[in-house]
Amino acid sequence: MMRDLRSPVRHGLLAGLLMPMLTWAGPALAAVDGPTATVAIKALNFLQPKPAKPTPVSLVVDSGHAATGDAVKSALGADVTAKVVEGAGDVSGAVAVIVIGSIDVSGKTTAGQLIIGDMACMEAGKCALAVERQPSGAAKYHVNTAALAKAGVSFDKNFQMLVTAH
């Protein structure tokens, strides 16, 4: 039956079938979810000076998406005390700020706060750290050196060997 369709129609049909899959896969891979945040939180063990446990963390979500923040919060371990902040909420007192969504918190954080986000946030210089999870289950840490310097945050030399600097 596919042979009866003209070539442009057949290609259009295939593109129509593939496009929803490509559209769906993109945001799911880019967003910070519970497993990604859990891996990112492990980087806090290498901050200099090392923060006290439990480490205060703020999860910043787009307005109206507190449930997403709550889901990520429930995935984090006992080494952190996390609070979900919507939009332009207060992130003071947090050692790390995890950006879930498209919020730009770079202007409202204070010196010493590590901003963690997705790869796009890190590449744009709005976040200092991002975790790229591999299909194999492995994870790669990426840091934006300019954002890290601006935040006044530094990592132990052993951790620096594990990251890809941008």
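The largest nonpolar core holds 33 residues in this predicted model. Leu 44, Val 57, Leu 59, Ile 98, Leu 114, Tyr 141 and Phe 155 touch the most other members. Which elements give two or more residues to this core? Two helices do: H2 (34-42) and H5 (145-151). Strands S2 (55-61), S3 (80-86), S4 (96-100), S5 (114-117), S6 (129-133) and S7 (139-143) do as well. H2 supplies the largest share, four residues.

Leu 44 shows the packing up close. Neighbours within four places in sequence are left aside here. Leu 44 then contacts Pro 51, Thr 55, Val 57, Val 80, Ala 96 and Leu 114. Among these partners, Val 57 and Leu 114 are also on the list of core residues that touch the most other members.

Now the charged side chains. How many salt bridges are there? The count is one. Asp 33 pairs with Arg 133, and their closest N and O atoms are 2.8 Å apart. Asp 33 sits in the loop between helix H1 (7-30) and H2, while Arg 133 belongs to strand S6, so the bridge ties together parts 100 residues apart in sequence.

Are the two partners buried, partly exposed or exposed? The table gives the values.

| Residue | Relative accessible area | Class |
|---|---|---|
| Asp 33 | 26% | partly exposed |
| Arg 133 | 40% | partly exposed |

Key:
Residues numbered from 1 in each chain as written. Predicted model: local features only at pLDDT ≥ 70, side-chain atom pairs only at ≥ 80, totals over all residues. Heavy atoms only, no water. Core = buried A, V, L, I, M, F, W, Y, C linked by side-chain atoms within 4.5 Å. Buried < 20%, exposed > 50% of the residue type's maximum accessible area, 1.4 Å probe, protein only. Contact = heavy atoms within 4.5 Å. Salt bridge = Lys/Arg side-chain N within 4 Å of Asp/Glu carboxyl O.
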